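Please look over the sequence and the structure shown here before reading on.

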Amino acid sequence: MFDSLTTQARDFLNQPIPQFINGEWRESDETIDVIDPSSGSKVATVAKGNQNDINLAIEAADEAFKTWSKLTPQKRADYLQKLADKMEENTKTLAQLEAIDVGKAFVNAEGFDIPFGIECARYYADFATKAVYDKQLDLTDIEARVHKTPYGACGFIFPWNFPFDLFMWNVMPALAAGNTAVIKPAELTPLTTLYVCKLAKEVGIPDGVINVVVGTGKSVGIPLIEHPKTRRLSFTGSPQVGKQIASMCGQRPIPCKLELGGKGAAVVFDDADIDNAVTQLAGAITLNSGQVCCTATRWLIHENIYDIFVEKVTETLRNTVIGPGMDPNTEMGPVVSQTQQDTILGYLDKGLKEGATQILEGGKISIKDHDGGYYVAPYLLEGLPQNICFREEIFGPTAFLVKFKDEAEAIELVNCLEYGLANSVFSSDLTRCNRVAEQMVAGNSWINAHNVFAYGLPYSGINLSGVGGGVNSPETFYDYLRDLTIARPLA
């Protein structure tokens, strides 16, 4: 199936891939094998970084900041637009690398992930030229203003589920605002991040503005956080690791943006368009094989429509085409690793032992000619909200269903956990939808849809789901600028 790779993708994979530091490709003594989740086989080798590499990368970013931050917003925007043009020319290559790396369906990578990420670069390039960098203060006998200025070298730590988009969503606003970047991608999925470095070099983005070091949290992540020249940090990942990183940043202290996990709820009332709710929610847990922090995995269904909803959604999920990511017919690929597969299957066992009923049988499956792949068919459980599968993030193609009687009970079920990322409500009564949406404790409430994203639409979490400026909006851009008060007495 890899015969369909572009020449660029094949050439990139058929060589040891170094780190990218200060505009140069730097080899290491140690390497990391990149595994294709669709087959379990090695597809590439990348250099494994260490603390010395991080030190070099941060020093390079700090030095590059001295000139990058002095460029006009328009000049920085021009660079980012050129990068967006180059990424657009390489959409197919980037989509293939993303599909191979993560295991996701190529049709989704090419049709959504890569184009949406490229749009991010364009959005923030344009926004930087229109942003307000000075606010005059109305004070007596003092001429004063608040000037917004970039921080410096910023650190970024990304997970493996959306490596390209997470790169774009976090790094592009930071660069547009005048900061420089040191990136630690997940060891499992570094390919598109490193390929973007190749494209950035080709379009002439100055050396040191973008740096990438692949490695473990201990050897790369901790030194990145603790380095005295790291001025700001962004982390996307689990609440458990997020708490540790927040504590480390607090010790310095430096600002830290956290985009963490979720356990989203979808409330489906008895007057909802059931077919739409089925399509939205089945699509939510099959998108990226359910490895999406904001997906809806707690389905709260009104008792009057529970049976018909279950009948329709199970039929939809049974018909989902599961296969290798690079197969053009695949609708849902494997999960990212053996570890992730084991975790998802482990939750199924725990949920059943705690009394849940399996209303759609799923779990580990084999795909012909891809026996080594990490495939999990969607499964649905029903039971009590005390069940572990209702309460904990599983990060796979699964959901837990609970019946409810009235609006008050539904809201109580939504808000009974400490997560606060994204929920949705389905009803033909828009007044009720908005009333319920306002009472959901989260950063995002969606109406008659789930996973609603657009540039300019703020997205962020609260409580265990994170803190900071979020992604995809003007707030994200301004999050990468610090306030500097400038004042002159007049008397």
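## Basis of the report

This is a predicted model, in which local features need pLDDT of at least 70 and side-chain atom pairs count only at pLDDT 80 or more, while totals for chains, interfaces and linings use all residues. Residues are numbered from 1 along each chain as its sequence is written, and side-chain values use heavy atoms, with hydrogens and water left out.

Helix α15 spans residues 430-439, and its buried residues are Arg432, Cys433, Val436 and Ala437. They lie on the same side of α15 because the arc they cover around the axis is only 130°, where the arc is that of the directions from the helix axis to the C-beta atoms. An α-helix has 3.6 residues a turn, so residues three or four places apart point the same way. Here buried means under 20% relative accessible area and exposed over 50%, with partly exposed in between (1.4 Å probe, protein chains only). Helices (H or I, at least four residues) and strands (E, at least two) are DSSP runs, numbered from the N terminus.

The exposed residues Thr431 and Glu438 sit on the face of α15 that is turned away from its buried side. Among the elements that cover the buried residues of α15 are α14 (407-414), β20 (422-426) and β21 (444-447). At the start of α15, the backbone nitrogen of Thr431 has a side-chain oxygen of Asp429 within 3.1 Å; a polar contact is a pair of N or O atoms within 3.5 Å, and within protein one must be able to donate a hydrogen and the other to accept it, while residues adjacent in sequence count only if both atoms are side-chain atoms.

Is Gln340 buried or exposed? Gln340, which is found in helix α12 (residues 338-353), is buried, with a relative accessible area of 11%. When its neighbours within four places in sequence are left aside, Gln340 is in contact (heavy atoms within 4.5 Å) with Trp160, Gln291, Val335, Ile394 and Phe395.

## Salt bridges

Side chains of opposite charge can pair when their charged atoms come close. A salt bridge is counted here when a side-chain nitrogen of Lys or Arg is within 4 Å of a carboxyl oxygen of Asp or Glu, and by this rule the count comes to 21 salt bridges. One of them joins the side chains of Glu202 and Lys86, at 3.7 Å from N to O. This pair links distant parts of the chain, since Glu202 is in helix α7 (residues 191-202) and Lys86 in helix α3 (residues 73-89), 116 residues apart. Glu202 is partly exposed at 43% relative accessibility, and Lys86 is partly exposed at 21%.

Asp134 forms a salt bridge with Arg145, with the closest N and O atoms 2.5 Å apart. Asp483 forms a salt bridge with Lys148, where the closest N and O atoms are 2.7 Å apart. Because Asp483 lies in strand β23 (residues 481-489) and Lys148 in strand β7, the pair ties together parts that are 335 residues apart in sequence. Salt bridges that share partners also join Lys86, Glu89, Lys198 and Glu202 into one network.

## A nonpolar surface patch

Leu137, Leu139 and Ile142 make a nonpolar surface patch of about 220 Å². Patches are made of residues with over 30% relative accessible area and no salt bridge, with like charges joined within 9 Å and nonpolar side chains (Val, Leu, Ile, Met, Phe, Trp, Tyr) within 5 Å; accessible areas come from the Shrake-Rupley method with a 1.4 Å probe, and for residues only the protein chains shown count as cover. Ile142 lies in strand β7 and is partly exposed, at 33% relative accessibility.

## Backbone features in loops

A cis peptide bond, with omega about -10°, joins Arg252 and Pro253, and Pro253 lies in the loop between α9 (239-251) and β12 (256-259).

Asn463 has a phi near 55°, a positive value in a residue other than glycine, and lies in the loop between β21 and β22 (466-467). For Asn472, phi is near 75°, which is also positive in a residue other than glycine, and its place is in the loop between β22 and α16 (474-479). Asn463 is partly exposed at 45% relative accessibility, whereas Asn472 is buried, with a relative accessible area of 0%.
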